[in-house]
Amino acid sequence: MADWTDGYVTDIDYVQAFHRELTPTIHALAAALRGVQAPDPAAPLAWCELGCGPGYAANLLAAANPHLTIEAMDFNPAHVVAARRLARAAGSHNIRFHDDSFEAFAGRTDLPDFDVIALHGVLSWISADNRRWVVEILRRRLKPGGLVYVSYNTLPGWAPILPLRRLLADHAATLTGPTQTRVAAALAFAQRLKAEGIGYFAANPAAADHLDTLATLPASYLAHEYFNADWIPFYSADVAAEMSAAKVTWLGSAQILDHLDYLNVSPGHGEAIADLATSAERETLRDFVTGQRFRRDLFIKGATAVDPGESEAAWDALRVALIVPRAEAPDSVRGLFGAADLRPDIYGPILDALEAAPRSLAELRADPGLAGLDVAVLREAVVVTIAADFVQPCLPVAGLAARAARTDAFNAEVLRQAPYRTELDTLASPVTGGGVLVDHPARLMLLARAQEAEDIPAQVADWLDGAATLADLRVAYERFQSSLLPMLRTLGIGH
Ligand SMILES: C[S@@+](CC[C@H](N)C(=O)[O-])C[C@H]1O[C@@H](n2cnc3c(N)ncnc32)[C@H](O)[C@@H]1O
């Protein structure tokens with residue numbers, strides 16, 4: 001009989017990671033771009049995460065969205081212990097973690113029906129039986145109108161790498177001992193074969209490059225990514241077919257960049273894709289065209305079109321915020337097909353306005369620097385800034401103070417751990433309801449300020465213990481004060 005792990009790695013905990021495609025306001029934007037009615041991210045939604053790992057993302061979202069009730073689950077009890085500890089330290093009462101298998105969770109009768117069910121980095125790493133339990137959870141628990149967010153490794157993009165994973169997993173299976181040691185030995189074995197110029201690496205340079213990348217990644221990530229019993233990349237049409245048993249249909253990508261066709265496919269290929277009859281056919285051909293390796297898909301149970309009048313009002317009301325300092329905003333955006341320069345006459349005034357504070361699209365339209373700009377052009381420009389990951393959609397202003405009290409507590413806990421944990425790299429914003437990536441020295445500077453350290457760069461140097469010079473940290477702190485901290489304050493982070 002199989003043990004509870006079903007061949008999934010459990011002797012090494014998964015990395016703590018936040019993925020912005022889990023953010024409710026991003027889901028709402030993705031749905032709006034497809035003209036489809038979706039759950040309102042400011043409403044008191046019931047939200048669920050399957051296979052939540054150690055729960056960093058679910059905890060961050062619980063703090064930044066106290067109006068959500070979150071049920072998160074993962075069958076690894078060590079993950080659930082870590083997740084509950086963070087929830088307790090952050091004072092979060094709107095989240096519960098369950099150490100259930102998918103099968104056990106599907107059978108529970110004490111759960112609400114959900115508006116959103118999310119699973120990131122799960123589907124490709126579990127067995128066909130467990131995939132059926134996931135779909136069964138969706139079938140039983142998702143409300144009509146509810147969203148599913150699901151990410152997975154994609155074919156044909158992963159095809160050249162499939163044998164590399166087999167090589168690594170087969171070698172690890174011949175060894176005994178902890179997963180971490182077997183991972184290192186398997187990588188060394190593959191590196192040796194690569195150096196010897198074996199046929200597979202010679203014929204698949206992408207696999208050889210990929211092996212070099214693996215050497216730079218943490219064992220906790222590698223173990224879960226490559227060394228489980230199951231590792232299955234999918235054609236997107238096959239995922240859509242499995243999902244249909246839960247009465248959900250493909251809505252669109254949760255990665256906003258994917259919505260900008262001109263950056264991802266050539267005009268000719270765009271036409272060939274558009275000519276196909278179903279979204280399953282279109283999305284699969286698109287993956288052949290782009291070579292996409294990882295999809296982040298949204299499905300919906302019962303798609304209905306947004307009323308055109310409501311849609312206009314919703315676009316006007318959409319507030320957006322800068323999540324990088326103004327000076328660091330890029331001047332171009334790149335997709336899987338090509339890049340586009342961001343016209344300074346359009347993007348400059350938008351970024352200038354956002355540097356001061358988050359703005360709604362209606363407010364941006366009223367900005368003198370943007371007077372006369374076509375509404376559709378402004379909308380497109382704002383979507384591009386979000387696609388390029390330097391702007392994020394916001395929650396409404398109402399409720400901000402209550403959210404800030406919760407994100408302050410969550411961020412204080414994340415910062416408290418910063419001196420000895422580098423991986424908790426995302427802080428919660430009460431303005432966006434999502435996460436903001438803040439690098440390690442900057443997190444330590446926030447902590448030193450919160451502790452009212454007399455000499456902040458010196459305190460950070462002490463924590464970094466030789467990893468950076470005091471002179472460099474003094475320069476970095478100047479920059480932190482002049483550009484990063486003001487930006488973080490517009491996001492309700494750092495006082
Ligand atoms: C690759 S990790 C992804 C974790 C997290 N979602 C993230 O992206 O950071 C997959 C997670 O699924 C969990 N898992 C695997 N099989 C499961 C099962 N049958 N029931 C419940 N959880 C499972 C694992 O413990 C692991 O935490």
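The questions and answers below go through this model.

Me: On what basis are residues numbered and features reported?

Reply: Residues are numbered from 1 along each chain as its sequence is written. This is a predicted model, in which local features need pLDDT of at least 70, side-chain atom pairs count only at pLDDT 80 or more, and totals for chains, interfaces and linings use all residues.

Me: Which residue of E5 is the bridge partner of Ala-118?

Reply: Strand E4 (residues 114-119) pairs with strand E5 (residues 142-153) in the parallel sense, over 5 bridges. The partner of Ala-118 in E5 is Tyr-149.

Me: Why is one side of E11 and of E12 left without a neighbour in the sheet?

Reply: The open sheet of 3 strands, paired antiparallel, runs E11-E8-E12. Strands E11 (359-360) and E12 (391-393) are at its edges, so one side of each lacks a neighbour, as each has a single partner strand.

Me: At what angle to E8 does helix H16 run?

Reply: Angles run from 0 to 180 degrees between N-to-C directions, with axes fitted to C-alpha atoms, for helices over the stretch in contact. Helix H16 (residues 344-356) lies across E8, E11 and E12. Its angle to E8 is about 85°.

Me: Which residues of H9 make the contact with H7?

Reply: Helix H7 (residues 179-195) and helix H9 (residues 205-214) pack at about 145°, with axes 11 Å apart. Residues are in contact if their C-beta atoms, placed from the backbone, lie within 7 Å. H7 contributes Leu-187, Ala-190, Gln-191 and Lys-194, and H9 contributes Ala-208, Leu-211 and Leu-214.

Me: How far apart are the C-alpha centres of domain 1 and domain 2?

Reply: The bounds come from an automatic or database domain assignment, which gives domain 1 (159-226), domain 2 (317-393) and domain 3 (400-490). The centres of domain 1 and domain 2 are separated by 41 Å.

Conventions:
Helices (H or I, at least four residues) and strands (E, at least two) are DSSP runs, numbered from the N terminus. Two residues are in contact if their C-beta atoms, placed from the backbone, lie within 7 Å. Two strands pair if DSSP finds at least two bridges between them.
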